[in-house]
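Have the model open while you read.

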Amino acid sequence: MKYEDSEVNMKKFKESYPDHMSYDNETYIMNEVPNKLLTSMPSILIKGARLKIDSYSGPGRLVNDSVMEVIVNKIAEYSYVERTKNWGWDYLIRDLERNIDSLGEVPFARFMDAVSDITFNFLEAFIVDDLNEIFEFVNFGYRLSDNLEEPWICINHNTTKTIEIESVAELTRKLCKQTADHIEQAKEQLKRSENPRARKDAIRDCLSAMEALMKRITDTKDVSGANNHMVNNREVWGPKVIVTEGHKLWKLFHEDYTDIRHGDFDISSITLDESRYFIDRILSYVIYISKIALKELN
């Protein structure tokens with residue numbers, strides 16, 4: 001059976017990040033396509049095509065070459081090159097590699113739209129985890145979110161504005177009053193953020209807010225258990241690379257900033273910018289899991 005593609009409109013990368021070309025590439029790669037990412041894409045797309053074929057449950061059966069032809073031609077469209085005139089798996093794979101090379105030369109936003117379009121419209125999100133893993137490996141500043149309304153998440157908090165704490169407290173109150181109360185306490189501490197102890201207390205309150213929320217919405221006893229629950233139910237909670245962020249932050253502060261988590265008298269060095277970074281990172285995660293939990297309730 002020949003593969004018929006049906007497209008779903010999704011938000012363009014430029015609409016989410018209109019200023020992306022002004023971001024610097026010091027901490028994360030924000031507006032360039034790493035060569036390692038390009039060289040990894042053919043094998044990831046081939047894997048996605050095979051998963052697509054194996055999972056097909058419609059009438060007849062999908063023809064391998066037909067599925068790959070659609071992918072090759074879609075990349076050709078984004079790469080400003082001609083559609084393939086070839087047939088046969090090996091020939092199409094060569095065209096795939098050639099077109100991906102050309103994709104590395106197009107404007108960055110067009111590259112990002114190509115990746116999200118192919119991932120969600122043609123491969124039904126089979127390769128989200130694989131792509132996010134290579135993004136993490138090459139220190140890319142974005143992750144696929146498995147959400148057509150907002151397919152790209154920026155993980156570089158230096159490029160985003162500070163989160164409005166009041167809005168996070170309001171978002172979480174329906175789910176967990178303890179979380180909302182901790183966030184309100186963090187807001188009060190940040191009014192004295194020039195004081196090292198106050199900004200550390202703010203981080204601790206945000207961590208406690210995250211802990212309470214993770215346990216409540218997963219009905220588990222600790223952060224580790226909540227993390228495992230969400231990873232094992234990724235069809236609800238989304239890609240592992242995002243879901244595990246809460247547990248990573250929890251471990252970071254237990255192992256590297258013990259005075260923050262346990263409120264010890266000793267004060268390790270942490271700057272105002274660092275504290276804002278960590279608070280934004282924690283609350284970004286709280287927002288993410290809260291929205292999913294609220295959706296599940298409705």
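The points below go through the charged pairs and then the helix contact.

1. First, some ground rules: this is a predicted model, where local features need pLDDT of at least 70, side-chain atom pairs count only at pLDDT 80 or more, and totals for chains, interfaces and linings use all residues. Residues are numbered from 1 along each chain as its sequence is written, and side-chain values use heavy atoms, with hydrogens and water left out.

2. Side chains of opposite charge can pair when their charged atoms come close. Searching the whole structure turns up 15 salt bridges (a side-chain nitrogen of Lys or Arg within 4 Å of a carboxyl oxygen of Asp or Glu).

3. Start with K47 and D130, a salt bridge whose closest N and O atoms are 2.9 Å apart. K47 sits in helix α2 (residues 35-55) and D130 in helix α6 (residues 128-137), so this pair ties together parts that are 83 residues apart in sequence. Helices here are DSSP runs (H or I, at least four residues), numbered from the N terminus. K47 is partly exposed at 39% relative accessibility, while D130 is buried at 19% (buried is under 20% relative accessible area, exposed over 50%, partly exposed in between, with a 1.4 Å probe and protein chains only).

4. Next, have a look at how α2 and α6 pack. Their axes come within 10 Å and cross at roughly 165° (axes are lines fitted to C-alpha atoms over the stretch in contact, with angles from 0 to 180 degrees between N-to-C directions). That makes α2 roughly antiparallel to α6, a label for angles over 145 degrees.

5. Which residues of α2 and α6 meet? On the α2 side they are K36, L37, S40, I44 and K47, and on the α6 side D130, L131, I134, F135 and F137, where contact means heavy atoms within 4.5 Å.

6. Finally, D181 and R173 meet in a salt bridge of 3.6 Å, N to O. D181 is partly exposed at 26%, and R173 is partly exposed at 33%. Both belong to a network of salt bridges that links R173, K177, D181, E184 and K187.

How values were computed
Helix = DSSP H or I, 4+ residues; strand = E, 2+ residues; numbered from the N terminus. Parallel < 35°, antiparallel > 145°, perpendicular 65-115°, else oblique.
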